[in-house]
Amino acid sequence: MKVLITGSNGLLGQKLLHKLRVDDAIILIATSKGENRVSEKNGYTYFDLDITNKDAVAQLIASEKPQVIINTAAMTNVDLCEEKKEACDTLNVDVVQYLADACEKIDSHLIHISTDFIFDGQDGPYTEEDEPNPLSYYGLSKLKSENILKQSNCNWTILRTIIVFGVGENLSKSNIVLWAKGALAKCEPLNIIDDQFRAPTLAEDLADACILAARKKAYGIFNTSGKDIMSIYEIVERIAKHYGNTTENLNKISTATLNQTAGRPPKTGFILDKARKILGYNPHSFEECLTIIDKQLEN
Ligand SMILES: NC(=O)c1ccc[n+]([C@@H]2O[C@H](COP(=O)([O-])OP(=O)(O)OC[C@H]3O[C@@H](n4cnc5c(N)ncnc54)[C@H](OP(=O)(O)O)[C@@H]3O)[C@@H](O)[C@H]2O)c1
């Protein structure tokens, strides 16, 4: 099976790259914008591909003919998407149309990642059938991308996920676990929101969901987040306990005090039954994830 990944310099992209490059049954093509920032160069071919370049995307897919394309590239900064709506639309919406069109021509399977931010967070956790109502432009852009696939004739899978975290190499952004671990170690006061609830997702678990969907040719929408739903405060508290940091410096604050540019859904989280049953998705508990991260940081 020939698999092409977009955004291979990103967190999910790197996890997919490392899992797939060692599989002899897979011919792997990794693509991202600019140079390859992953130091391991064996087991795959890398192409510098700006996926907003419609012609370049069409050309590469037509010449390489991958059976599976996993689209991990996106504009993920929620407040930036609110400020730069056009750029957000280009990367999170238009690109999905380019990929769907290219996939349709060669009958390949497109696996795309969406988010809990398509929901308003009034009555999470959500099933795949619940009605979306995004509060932010980021959420709206991802909902638009889902609708493109629903209207497309290509074989598609949408994996919805929530706060992705993990260890990567030369990443352009941090994530909640690495940030909290570093901030807690400084023993300074930290203000943490306690009125937003999420199910954070280990990047390896999400990569496994992508690979399961590819192998099983499982089409449609699947919830593929972590299994523990917690407030952001509880997430940081559990990280503190795991690393033996005091929680005395943690102050609970409300979302309203932050005055963020984009709206955030108060309570999301996903019901994972469909992904467990059809994909065989089996995410780690949050504490197991922290132990996996410890081992990676040791190396
Ligand atoms: N992170 C989360 O908490 C979260 C939550 C819900 C859903 N998701 C979704 O999960 C997916 C993966 O997220 P992630 O955390 O792995 O994101 P990420 O670490 O930001 O990775 C995205 C990658 O896409 C690359 N990219 C950006 N613009 C590009 C372009 N024009 N052409 C080619 N590549 C480009 C980025 O390159 P640079 O590294 O050079 O910037 C980055 O490496 C995304 O679809 C995201 O929306 C993420």
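Is D23 buried, partly exposed or exposed? I looked this up first in the predicted model: D23 is partly exposed, with a relative accessible area of 21%. Buried would mean under 20%.

**Entry: the partner of D23.** I found D23 in a salt bridge with R215, at 2.9 Å from N to O. R215 sits in helix α7 and D23 in the loop between α1 and β2 (27-32), so the pair links parts of the chain 192 residues apart. R215 is partly exposed too, at 49%.

Entry: I next checked D208, which forms a salt bridge with K19, with 2.9 Å between the closest N and O atoms. This one joins helix α7 (residues 203-216) to helix α1 (residues 11-21) across 189 residues. I noted D208 as partly exposed at 28% relative accessibility, and K19 as partly exposed at 30%.

**Entry: α5 and α4.** K144 and D89 meet in a salt bridge of 3.3 Å, N to O. K144 lies in helix α5 (residues 137-151) and D89 in helix α4 (residues 85-106), 55 residues apart. Here I have K144 as partly exposed at 30%, whereas D89 counts as buried at 18%.

**Entry: the overall tally.** I have twelve salt bridges in the structure. D228, E234, R238 and E287 are linked in a network of them.

**Entry: helix α8.** Which residues of α8 (232-242) are buried? My list is I232, Y233, I235, V236, I239 and A240. They lie on the same side of α8 because they cover an arc of only 165 degrees around the axis. Their cover includes α6, β13 and α10. Just after α8, I noted G244 with a positive phi of about 70 degrees.

How values were computed: Residues are numbered from 1 along each chain as its sequence is written. This is a predicted model: local features need pLDDT of at least 70, side-chain atom pairs count only at pLDDT 80 or more; totals for chains, interfaces and linings use all residues. Side-chain values use heavy atoms; hydrogens and water are left out. Buried means under 20% relative accessible area, exposed over 50%, partly exposed in between (1.4 Å probe, protein chains only). Helices (H or I, at least four residues) and strands (E, at least two) are DSSP runs, numbered from the N terminus. The arc is that of the directions from the helix axis to the C-beta atoms. Contact means heavy atoms within 4.5 Å. A salt bridge is a side-chain nitrogen of Lys or Arg within 4 Å of a carboxyl oxygen of Asp or Glu.
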